[in-house]
Amino acid sequence: MLGCSTTPSVPDAPGPTAATPPVSQEAPPAAKEPAAMKPAFDVAAVKAELLAKHGEAHRARIERGVDQVAAQWRPEDGDAAAFIRENFLADSKALDATFSRLEKLFEQLDGHMSELGRELQWYLDLDLGPLLPVEPLLGAYDPSTNVTTDLFRSKVGFAVLLNFPLTTLAERVEQGPKWTRRQWAEARLAGRFNRRVPAEIEQESSKAIADANLYIAEYNVWMHHLLDEQGQRPFPKGLRLISHWNLRDELKGNYADPNARAKQRLIIQVMERIVTQTIPAAVIDNPRLDWNPFTNAVTAAPPETVEEDAPAREAKASKDPEPDTRYARLLATFQAARKADPYVPVAPTRIARAFELVRELPEERVKAVLTQVLESPVVPLVAKEIEARLGRQLGPQDLWYPGFKPGGKRPESELDALTRKRYPTADAFAKDMPRILLGMGFTKAKADWLAARIRVDASRGAGHAQPAARRGDFARLRTRVEKGGMNYKGYNIAVHELGHNVEQVFSLYSVDHTLLAGVPNNAFTEALAFVFQARDLELLGLGKPDAAAERERVLNDFWQTWEIAGVALVDMAVWHWMYEHPDATPAQLRDAVVAISREHWDRYYAPVLGGKGSPLLGIYSHMISYPLYLPDYPLGHLIAFQIEEHLTRKGPLGAEFERMATHGAVTPDQWMIHATGAPVSAESLLRATEAVLKKP
C-alpha cells in the first residue's frame, strides 16, 4: 500500500494514499445522551399540521423528514414546530432549487475547509526543514470540526434533514441500484447530518490523529549506523528510512544484493524491536549513535561515520527503551473515538463506523473475504514456487518477497540511479506527469488536463495523496525526495499517489453531482492507485509486460494480498481489544498488540514462513496514524485485480479508468458492477492464481 491521504492517501504500497472518506458516508442519527433521544417537541402534532396543509401526497416525505429532525433537535434549538412549518418544501421547484444551491455551496465550504487544513499541516507534511515549536500545534487544529455543529446551530442541517432522506446501509444496498443519480446525491447530502458530535470531541480526535501522524512522520532509522553481529555496517552512508514503509521497501530491494540475508535479518530485528518497544529511544532518527539491534548495544558513532549536514542530535549512548510512545499514540486516538460513540447510536463504536458507515461493507464480510485469502489452498503452492526461486526455505522476511515482478530481479541501486537522474526534485516529477499519463493510455489532451490539476510536493513522511474538495483547487501528490534526488522507493510511491490523484481529479471534476465526488471507500482509491503502481517500471522505459510477465503479476498480486490480509485482521483485533479494555495503559496495549500479532503470525504465516512467535505483523505504521485503514489495502488489491482483469478484456486503460472513476461515491458493489460487471470478491484473484500455477 502506498501513501494515502488525510485527506492523505496513506502509504502502503507503500504508502496509503487514499482520500479521506466523504463526510456523507459517516454515521446515522445520533443524540447527545440517551435522554436527548426523546423528541424535544410534539412530533405527532407537527406531522398532522403539515399533512393538513400539504395533503396526503406528501405524507411519506413529511413522516420521514419530521422524524429525522426530531432525532437531532434539542430544547436549546428553539421552536421546532415553527421551524418545520416554515422550512418544509412541498413545491418541487423550490426543492430542486434548494438542492442545487446546497450542492454548490457545500462544494465551496468543503473545498475551502480542506485548503485551510492543508495549509495548517503544510510544514508537518512537507520536507521544508526543522519544525518550529508552533507547527505541531497548528497541525493539530482542524478548522472543519465546528462546521457540522455550526450548521445545526444555524438550522441548515435541520433544513436538510427535513427535506431530504437519510438512508441506512441496507436501503442503499437494496434500493440503490434503482436510484437515479439525483437520489444518490440526495442520500449523500442528508448523510452529512446523520450525527451531531460536539466540535470539541471532533477536535480532540483530529489532534490525536495529527499527533500520531507527526510521530510516524519523524520515525526514521539511519541505516549506516546499524551494526550487525560482527560489528559491521552493511548499509551505505546517508540512508535514512522511515518506519515501516521504507524499512520494508529496503528489505524488498535487497533480494538481488549478495549480502541480502544479513541485511534483511538486521531489518527484521529493527522492526521487531519497534513493535515490542525495546528499541532504544535515543537511536530514533539519530545519526550520531550506532546501534546493534541484536544485542541492543548503543554507542557514540565515530566522527568519520556521521553524515555530512546530519541534523543535530544528542550523542548520549543510552539503552533506555522507547517508553511505549507508539501505543500511547494509538490509545489517544482510541480514547478520542470513544467520546464520539454516544452520539452515533446506530454505529456506537469506531469499528462499526469504519465498516458500516465509511467502508459500507460489514466487518464480518470483510473478515470472511480476508480469511478466504489467508486460508486458500494456493498459499503453500505459491510459497513452494518462491522457495524454488530462492533455493532455500522461506523466512519471515519473505512476507515481502518482491521477485514476482520484473523489477524484483533488478538491484535497487540500479533503479535508484535511474530515478535520481530523472527526478532530482519534486518539480522534475511534476513536469514529467504528462508523459507518464500518456504512457498510462490517456490521450495527450487528457494527460495535460489532468497534470494541470495536480501539484507535487516533497514529503516529510513516506508520502500521501491529498485530494481537492472543490473545482479550482489542486490535488496534491506528496512523496519523499532525498538530497540526491528521488530514489526508486520515492518514485514507486509517487506513481501510486499519482493514481490516487488522477482518480481524485476525475471524481471531482467529471462526476455529475459533486455530492457524489470520490469513490465508495478508500479501498477503491487504493485499487485505482495500484493500477498505476503496477506500471512503474514500464513508465521508466524498462519494457512492457509479456505473457510471462502477466503470470508474474498474478502471483505478485496474490502474495501482496496474502501479506496485508493478516495485517488487516491484526488491526481489527487490536481495536476490539481496546474496546474490551477501555482503561488499558500503553504498556498493556503494547503487550496485547504483540500477543495479537504473534497469534495471527502463528496461525497464518508461521506454517509457510517459519519464525514462530514473530510480532512482525504489528510493524505497520498505519495502525498508529490511520485508524482502521489497513483493511482497505487487501480489499484494494482484490478490487484492483478485478479491474485489471476487466482491462485485459476492454481498453484503453485511460478511457476505462476515467469511466470508472467518474461513477462516484455509491455503494461498493454497485460501483464494482458498473466498473467490471461483478461485485467485490476474492474469487477472481484466487481463480487466476490457481490457473497460472498450473502453467510453467
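**Pockets first**

Modeller: The lining of the largest pocket is made up of 20 charged, 12 nonpolar and 9 polar residues. Keep in mind that this is a predicted model.

Biologist: What volume does the largest pocket have?
Modeller: About 1,200 Å³.

Biologist: And which residues lie nearest its centre?
Modeller: Trp222, Gly238, Arg240, Glu482 and Lys483, out of the 41 residues that line the largest pocket.

Biologist: Which helices and strands supply at least two residues of that lining?
Modeller: Strand 3 (220–222) and strand 4 (240–242) do, and so do helix 12 (245–253) and helix 18 (412–422). Helix 18 gives the most to the lining of the largest pocket, with 4 residues.

Biologist: Is lysine 483 buried or exposed?
Modeller: Exposed, because its relative accessible area is 73%, and anything over 50% counts as exposed.

Biologist: How far apart are lysine 483 and proline 424?
Modeller: In sequence they are 59 residues apart, and in space 8.4 Å from C-alpha to C-alpha.

Biologist: On to the second largest pocket. How much space lies in it?
Modeller: About 860 Å³. It is lined by 33 residues, and those closest to its centre are Ala534, Arg535, Glu538, Pro545 and Arg553.

Biologist: Which elements give two or more residues there?
Modeller: For the second largest pocket they are helix 22 (522–533), helix 23 (536–539), helix 24 (547–580) and helix 27. Helix 24 gives the most to this lining, with 7 residues.

Biologist: How does the lining of the second largest pocket divide by class?
Modeller: It has 13 nonpolar, 12 charged and 8 polar residues.

Biologist: Tell me about helix 27. How many residues does it have?
Modeller: Helix 27 has 18 residues, running over 632–649. From first C-alpha to last it reaches 26 Å, close to the 26 Å expected at 1.5 Å a residue.

Biologist: How many residues of helix 27 are buried?
Modeller: 15 of its 18, so the helix is mostly covered, with buried meaning under 20% relative accessible area.

Biologist: Switching to strands. Which way do the residues of strand 5 point?
Modeller: In strand 5 (residues 289–292), Leu289 and Trp291 point one way, while Asp290 and Asn292 point the other way. All of these are buried.

Biologist: What joins strand 5 to strand 6?
Modeller: 4 bridges, and the two strands run antiparallel, with strand 6 at residues 297–300. Aspartate 290 stands opposite threonine 299 in strand 6. The two strands form a hairpin with 4 residues between them, and asparagine 296 in the turn has a positive phi of about 70°.

Biologist: What about arginine 455? Where is it?
Modeller: Arginine 455 is in strand 7 (residues 454–458). Leaving aside neighbours within four places in sequence, arginine 455 is in contact with Phe474, Ala475, Arg476 and Leu477.

Biologist: Last one, serine 597. Buried or exposed?
Modeller: Buried, because its relative accessibility is 0%. Serine 597 is found in helix 25 (residues 586–609). Beyond its neighbours within four places in sequence, serine 597 is in contact with Val570, Ser614, Pro615, Leu617 and Gly618.

How values were computed. Residues are numbered from 1 along each chain as its sequence is written. This is a predicted model: local features need pLDDT of at least 70, side-chain atom pairs count only at pLDDT 80 or more; totals for chains, interfaces and linings use all residues. Side-chain values use heavy atoms; hydrogens and water are left out. The expected span of a helix is 1.5 Å times one less than its number of residues. Buried means under 20% relative accessible area, exposed over 50%, partly exposed in between (1.4 Å probe, protein chains only). On a 1 Å grid over the protein atoms alone, a cavity is a set of points where a 1.4 Å probe fits but cannot get out, and a pocket is an open set with protein on both sides within 12 Å along at least five of seven lines; lining residues have an atom within 4 Å of a point. Grid points are joined across faces, edges and corners, and a volume is the space filled by probe spheres set on the points. Ala, Val, Leu, Ile, Met, Phe, Trp, Tyr, Cys and Pro count as nonpolar, Asp, Glu, Lys and Arg as charged, and the others, Gly among them, as polar. Two strands pair if DSSP finds at least two bridges between them. Contact means heavy atoms within 4.5 Å.
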